Amino acid sequence: MPRLTSEELLAARDRLVPDVLGDGLSVLFCGINPGLMSAATGHHFARPGNRFWPVLHRSGFTPRQLKPSEQQELLRYGLGVTNVAARATARADELSDEELREGGRLLAAKVERLRPRWLAVAGVTAYRTAFHERTAAVGPQERAIGETRIWVLPNPSGLNAHWTVAGMAEEFARLRSAAGLGADDDGLVAPG
(Lines give C-alpha, C1' and ligand atoms only; values in the text may rest on other atoms or scores of the structure.)
Protein backbone atom coordinates (compact mmCIF):
# COMPACT_ATOMS: atom_id res chain seq x y z
CA MET A 1 0.00 0.00 0.00
CA PRO A 2 1.42 3.42 -0.88
CA ARG A 3 2.33 5.72 1.97
CA LEU A 4 -0.03 8.65 2.17
CA THR A 5 0.84 12.09 3.46
CA SER A 6 -1.10 13.65 6.32
CA GLU A 7 -2.49 16.14 3.78
CA GLU A 8 -3.81 13.28 1.62
CA LEU A 9 -5.40 11.66 4.64
CA LEU A 10 -7.02 14.89 5.83
CA ALA A 11 -8.36 15.51 2.32
CA ALA A 12 -10.19 12.18 2.57
CA ARG A 13 -12.35 13.37 5.50
CA ASP A 14 -16.08 12.98 4.74
CA ARG A 15 -15.43 10.89 1.61
CA LEU A 16 -17.48 7.77 1.01
CA VAL A 17 -16.13 4.26 0.44
CA PRO A 18 -18.23 2.11 -1.92
CA ASP A 19 -19.85 -0.97 -0.41
CA VAL A 20 -18.81 -4.45 -1.47
CA LEU A 21 -22.22 -6.02 -2.08
CA GLY A 22 -23.84 -8.82 -4.00
CA ASP A 23 -26.98 -10.92 -4.04
CA GLY A 24 -27.25 -13.97 -1.83
CA LEU A 25 -24.53 -13.03 0.66
CA SER A 26 -24.01 -15.37 3.57
CA VAL A 27 -22.58 -12.58 5.77
CA LEU A 28 -22.60 -8.82 5.28
CA PHE A 29 -19.89 -7.35 7.53
CA CYS A 30 -20.56 -3.84 8.71
CA GLY A 31 -17.94 -1.47 10.08
CA ILE A 32 -18.79 1.64 12.07
CA ASN A 33 -17.60 4.09 9.40
CA PRO A 34 -14.60 4.45 7.09
CA GLY A 35 -11.38 5.80 8.55
CA LEU A 36 -9.31 8.32 6.64
CA MET A 37 -6.99 5.64 5.21
CA SER A 38 -10.01 3.72 3.91
CA ALA A 39 -11.47 6.88 2.38
CA ALA A 40 -8.14 7.83 0.77
CA THR A 41 -7.65 4.37 -0.75
CA GLY A 42 -11.29 3.39 -1.36
CA HIS A 43 -10.76 0.14 0.55
CA HIS A 44 -12.55 -0.98 3.70
CA PHE A 45 -10.50 -1.53 6.88
CA ALA A 46 -7.39 -0.15 5.13
CA ARG A 47 -5.49 1.27 8.10
CA PRO A 48 -2.44 -0.94 8.74
CA GLY A 49 -3.32 -1.39 12.44
CA ASN A 50 -6.85 -2.57 11.68
CA ARG A 51 -7.23 -6.27 12.41
CA PHE A 52 -10.27 -7.07 10.24
CA TRP A 53 -8.37 -8.81 7.42
CA PRO A 54 -6.12 -10.95 9.67
CA VAL A 55 -9.08 -11.91 11.88
CA LEU A 56 -11.25 -12.75 8.86
CA HIS A 57 -8.57 -15.19 7.71
CA ARG A 58 -7.72 -16.64 11.14
CA SER A 59 -11.40 -17.33 11.79
CA GLY A 60 -11.70 -19.35 8.58
CA PHE A 61 -13.81 -16.97 6.50
CA THR A 62 -11.05 -16.69 3.87
CA PRO A 63 -8.40 -19.25 2.89
CA ARG A 64 -5.65 -16.62 3.03
CA GLN A 65 -5.30 -13.13 4.42
CA LEU A 66 -6.66 -10.70 1.88
CA LYS A 67 -5.29 -7.20 1.47
CA PRO A 68 -7.74 -4.29 1.65
CA SER A 69 -7.17 -3.77 -2.10
CA GLU A 70 -8.53 -7.29 -2.65
CA GLN A 71 -11.87 -6.54 -0.98
CA GLN A 72 -13.87 -7.56 -4.07
CA GLU A 73 -12.58 -11.12 -3.49
CA LEU A 74 -14.98 -11.29 -0.53
CA LEU A 75 -17.84 -11.80 -2.95
CA ARG A 76 -16.31 -15.15 -4.02
CA TYR A 77 -16.84 -16.32 -0.45
CA GLY A 78 -20.39 -15.03 -0.11
CA LEU A 79 -19.22 -12.08 1.99
CA GLY A 80 -19.71 -8.33 1.68
CA VAL A 81 -18.77 -5.13 3.51
CA THR A 82 -20.61 -1.91 4.32
CA ASN A 83 -20.68 0.62 7.17
CA VAL A 84 -23.21 1.94 9.66
CA ALA A 85 -22.25 5.53 8.83
CA ALA A 86 -20.88 6.35 5.40
CA ARG A 87 -18.88 9.48 6.28
CA ALA A 88 -15.13 9.05 6.76
CA THR A 89 -13.59 10.39 9.95
CA ALA A 90 -10.26 10.06 11.73
CA ARG A 91 -12.01 8.36 14.68
CA ALA A 92 -15.44 6.77 15.06
CA ASP A 93 -16.16 8.95 18.10
CA GLU A 94 -16.41 11.93 15.72
CA LEU A 95 -19.82 10.62 14.63
CA SER A 96 -22.89 11.92 16.39
CA ASP A 97 -25.50 9.60 17.85
CA GLU A 98 -27.95 10.93 15.26
CA GLU A 99 -25.54 9.99 12.43
CA LEU A 100 -25.35 6.46 13.84
CA ARG A 101 -29.15 6.22 14.24
CA GLU A 102 -29.69 7.45 10.68
CA GLY A 103 -27.00 5.01 9.53
CA GLY A 104 -28.88 2.23 11.31
CA ARG A 105 -32.09 3.14 9.45
CA LEU A 106 -30.28 3.17 6.10
CA LEU A 107 -28.47 -0.07 6.93
CA ALA A 108 -31.76 -1.78 7.82
CA ALA A 109 -33.21 -0.71 4.45
CA LYS A 110 -30.11 -2.03 2.66
CA VAL A 111 -30.36 -5.36 4.49
CA GLU A 112 -34.08 -5.62 3.68
CA ARG A 113 -33.26 -5.10 0.00
CA LEU A 114 -30.24 -7.46 -0.19
CA ARG A 115 -31.39 -10.09 2.34
CA PRO A 116 -28.01 -11.51 3.44
CA ARG A 117 -28.32 -14.46 5.80
CA TRP A 118 -26.35 -12.62 8.50
CA LEU A 119 -25.50 -8.99 9.23
CA ALA A 120 -22.30 -8.81 11.29
CA VAL A 121 -21.82 -5.39 12.91
CA ALA A 122 -18.22 -4.84 14.03
CA GLY A 123 -18.59 -2.57 17.04
CA VAL A 124 -20.98 -3.12 19.93
CA THR A 125 -21.21 0.54 20.98
CA ALA A 126 -22.12 1.65 17.47
CA TYR A 127 -24.67 -1.17 17.21
CA ARG A 128 -26.27 -0.16 20.51
CA THR A 129 -26.68 3.42 19.31
CA ALA A 130 -27.69 2.68 15.71
CA PHE A 131 -30.34 0.11 16.66
CA HIS A 132 -31.47 1.46 20.05
CA GLU A 133 -30.27 -1.71 21.81
CA ARG A 134 -28.66 -0.30 24.98
CA THR A 135 -27.86 -3.70 26.51
CA ALA A 136 -26.58 -5.49 23.38
CA ALA A 137 -23.42 -7.54 23.82
CA VAL A 138 -21.01 -9.18 21.40
CA GLY A 139 -22.58 -12.28 19.87
CA PRO A 140 -25.89 -13.21 18.23
CA GLN A 141 -28.78 -10.80 18.72
CA GLU A 142 -32.46 -11.47 19.27
CA ARG A 143 -33.31 -8.79 16.72
CA ALA A 144 -33.48 -9.65 13.03
CA ILE A 145 -34.07 -7.55 9.94
CA GLY A 146 -36.61 -9.55 7.98
CA GLU A 147 -35.02 -12.99 7.62
CA THR A 148 -31.51 -11.63 8.25
CA ARG A 149 -30.03 -12.58 11.61
CA ILE A 150 -27.67 -10.15 13.37
CA TRP A 151 -24.36 -10.86 15.09
CA VAL A 152 -22.36 -8.16 16.86
CA LEU A 153 -18.60 -8.57 16.58
CA PRO A 154 -15.80 -6.75 18.38
CA ASN A 155 -14.52 -3.66 16.62
CA PRO A 156 -11.29 -4.72 14.81
CA SER A 157 -9.74 -1.26 15.09
CA GLY A 158 -6.26 -1.26 16.55
CA LEU A 159 -7.65 1.24 19.07
CA ASN A 160 -9.84 -1.50 20.58
CA ALA A 161 -7.32 -2.88 23.07
CA HIS A 162 -9.96 -4.95 24.91
CA TRP A 163 -9.82 -7.66 22.24
CA THR A 164 -6.79 -9.57 21.00
CA VAL A 165 -6.54 -10.93 17.46
CA ALA A 166 -7.00 -14.45 18.86
CA GLY A 167 -10.09 -13.46 20.83
CA MET A 168 -11.61 -11.69 17.85
CA ALA A 169 -10.85 -14.65 15.60
CA GLU A 170 -12.71 -16.91 18.03
CA GLU A 171 -15.76 -14.65 17.94
CA PHE A 172 -15.65 -14.38 14.13
CA ALA A 173 -15.34 -18.19 13.98
CA ARG A 174 -18.46 -18.54 16.14
CA LEU A 175 -20.33 -16.48 13.56
CA ARG A 176 -18.83 -18.52 10.70
CA SER A 177 -20.02 -21.71 12.35
CA ALA A 178 -23.51 -20.30 13.02
CA ALA A 179 -23.70 -19.19 9.39
CA GLY A 180 -22.89 -22.75 8.30
CA LEU A 181 -19.75 -21.75 6.43
CA GLY A 182 -16.76 -24.06 6.05
CA ALA A 183 -13.87 -24.69 3.69
CA ASP A 184 -14.62 -26.51 0.43
CA ASP A 185 -12.21 -28.78 -1.48
CA ASP A 186 -10.40 -25.78 -3.00
CA GLY A 187 -9.80 -24.24 0.40
CA LEU A 188 -12.44 -21.62 -0.31
CA VAL A 189 -15.05 -20.77 2.26
CA ALA A 190 -18.48 -21.89 1.08
CA PRO A 191 -21.89 -22.61 2.59
CA GLY A 192 -21.68 -25.79 4.64
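The largest pocket in this predicted model is lined by 40 residues. Those nearest its centre are Ile32, Ala92, Asn155, Ser157 and Leu159.

For the second largest pocket, the lining consists of 17 residues, and Asn83, Val84, Ala85, Ala86 and Leu106 lie nearest the centre. Strand S2 (79-83) and helix H4 (97-114) each supply at least two residues of this lining. The largest share, six residues, comes from H4.

| Pocket | Volume | Lining by class |
|---|---|---|
| Largest pocket | about 1,000 Å³ | 22 nonpolar, 15 polar and three charged residues |
| Second largest pocket | about 240 Å³ | nine nonpolar, three polar and five charged residues |

Aromatic rings are the next topic. Over the whole structure, a search finds eight aromatic pairs. Why does the pair of Phe29 and Phe172 count as stacked? The ring centres of Phe29 and Phe172 are 5.9 Å apart and the planes are at 15°, and planes under 30 degrees apart count as stacked. Phe29 belongs to strand S1 (residues 27-31) and Phe172 to helix H6 (residues 165-178), so the pair ties together parts that are 143 residues apart in sequence. Are these two residues, Phe29 and Phe172, buried or exposed? Both Phe29 and Phe172 are buried. Phe29 and Phe172 also belong to a cluster linked by ring pairs, together with Phe45, Phe52, Trp53 and Phe61.

Key. Residues numbered from 1 in each chain as written. Predicted model: local features only at pLDDT ≥ 70, side-chain atom pairs only at ≥ 80, totals over all residues. Heavy atoms only, no water. 1 Å grid on protein atoms, 1.4 Å probe; cavity = no way out; pocket = protein on both sides within 12 Å on 5 of 7 lines; lining within 4 Å. Points joined across faces, edges and corners; volume = space filled by probe spheres on them. Nonpolar A, V, L, I, M, F, W, Y, C, P; charged D, E, K, R; others polar. Helix = DSSP H or I, 4+ residues; strand = E, 2+ residues; numbered from the N terminus. Phe/Tyr/Trp six-rings, centres within 6.5 Å; stacked < 30°, edge-to-face > 60°. Buried < 20%, exposed > 50% of the residue type's maximum accessible area, 1.4 Å probe, protein only.
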